[in-house]
Amino acid sequence: MYEKIIVDADLCIKLGGSEKFKFLVEVLPLVSEKIYMHRHAFEEVLLPQSAKNQLKELVDNGTVEIVSEDELDSTEKATYQMTYHILANVMIDPEKPNKNKGETCSLAYAKTTGIPIFATDEKELQPIIDKHLNTGIDDIHCLRIINIVELVRDGKISLQRKYAKAMWRIASGRTNANDIFDTEIWPLV
């Protein structure tokens, strides 16, 4: 279990996408003691309704804390703004200013406040973080859904294999998700 993480909208949408299974509500609290979400990322979770409802439940019961740069002191705000601009230059297209804004805000907040884990399912994000943010001090690492499944597989999160497989199948959205899970992620021995 991690001490603290900040979560992205895409991870919440994928884990919360099932009406039948409440993966977001059931799994996220097993991953970290303290869970933060930037307000901009929170506002990006509009659909599916099941994801929005599960996220609201986590916020209402205090499991997820909504944060923003407005709560930072003046020194932290300066660090946040500098970090945001570094990331915005490589992550935000001026023609589509809201695309990747949740990730940019979340990463700037995480770097400013020392949150080491960014729970997202963006597979191309870690190289950007490594190049533009990670200096060896307060580095940030991405935690993807596959990594959560691996934590279950490795016994670091106490869930059954069939639960992890259902979570992977639904969250990945792949037609061959069962085959990938059984052959590559968690083969039966």
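Biologist: Why does Phe181 count as buried?

Modeller: Its relative accessibility is 0%, and buried means under 20% relative accessible area, with exposed set at over 50% and partly exposed in between (1.4 Å probe, protein chains only). Phe181 is therefore buried, since its 0% lies under that limit. This is a predicted model, in which local features need pLDDT of at least 70 and side-chain atom pairs count only at pLDDT 80 or more, whereas totals for chains, interfaces and linings use all residues. Residues are numbered from 1 along each chain as its sequence is written, and side-chain values use heavy atoms, with hydrogens and water left out.

Biologist: What makes the protein as compact as a globular protein of its length?

Modeller: First, the elements: the protein has 10 helices and five strands, which are DSSP runs numbered from the N terminus (helices H or I, at least four residues; strands E, at least two). Its radius of gyration, taken over C-alpha atoms, is compared with the globule rule, 2.2 Å times the number of residues to the power 0.38. The rule gives 16 Å for 189 residues and the protein has 17 Å, a close value, so the protein is as compact as a globular protein of that length. The C-alpha atoms fill a box of roughly 50 × 35 × 35 Å along the principal axes, and 47% of the 189 residues are buried.

Biologist: What share of the contacts between residues at least 6 apart in sequence joins residues at least 24 apart?

Modeller: The share is 69%, where contact means heavy atoms within 4.5 Å.

Biologist: How do you know that the buried residues of H7 line one face of the helix?

Modeller: In helix H7 (residues 125-132), the buried residues are Leu125, Gln126 and Ile129. Seen down the axis of H7, they fall within an arc of 100°, and so they line one face; the arc is that of the directions from the helix axis to the C-beta atoms. These residues pack against helix H5 (74-91), helix H6 (101-113), strand S4 (117-119) and strand S5 (141-143).

Biologist: Which residues does Ala108 contact, leaving aside its neighbours within four places in sequence?

Modeller: Ala108, in helix H6, is in contact with Tyr80, Thr83, Tyr84 and Leu87. Ala108 has a relative accessible area of 0% and is therefore buried.

Biologist: What makes the pair of Phe181 and Trp186 tilted?

Modeller: The ring centres are 6.0 Å apart and the planes stand at 40°, so the pair is tilted. Trp186 counts as buried at 16% relative accessibility.

Biologist: Why does Asp138 count as partly exposed?

Modeller: Its relative accessibility of 49% gives that class. Asp138 is in the loop between H7 and S5, and its phi is positive, about 50°, although it is not a glycine. Asn100, in the loop between H5 and H6, also has a positive phi, near 75°, and counts as partly exposed at 24%. Most residues other than glycine have a negative phi, and most peptide bonds are trans.

Biologist: What is the omega of the peptide bond from Leu47 to Pro48?

Modeller: Omega is near -5°, and the bond is cis. Pro48 is in the loop between helix H3 (39-44) and helix H4 (49-60).

Notes:
Phe/Tyr/Trp six-rings, centres within 6.5 Å; stacked < 30°, edge-to-face > 60°.
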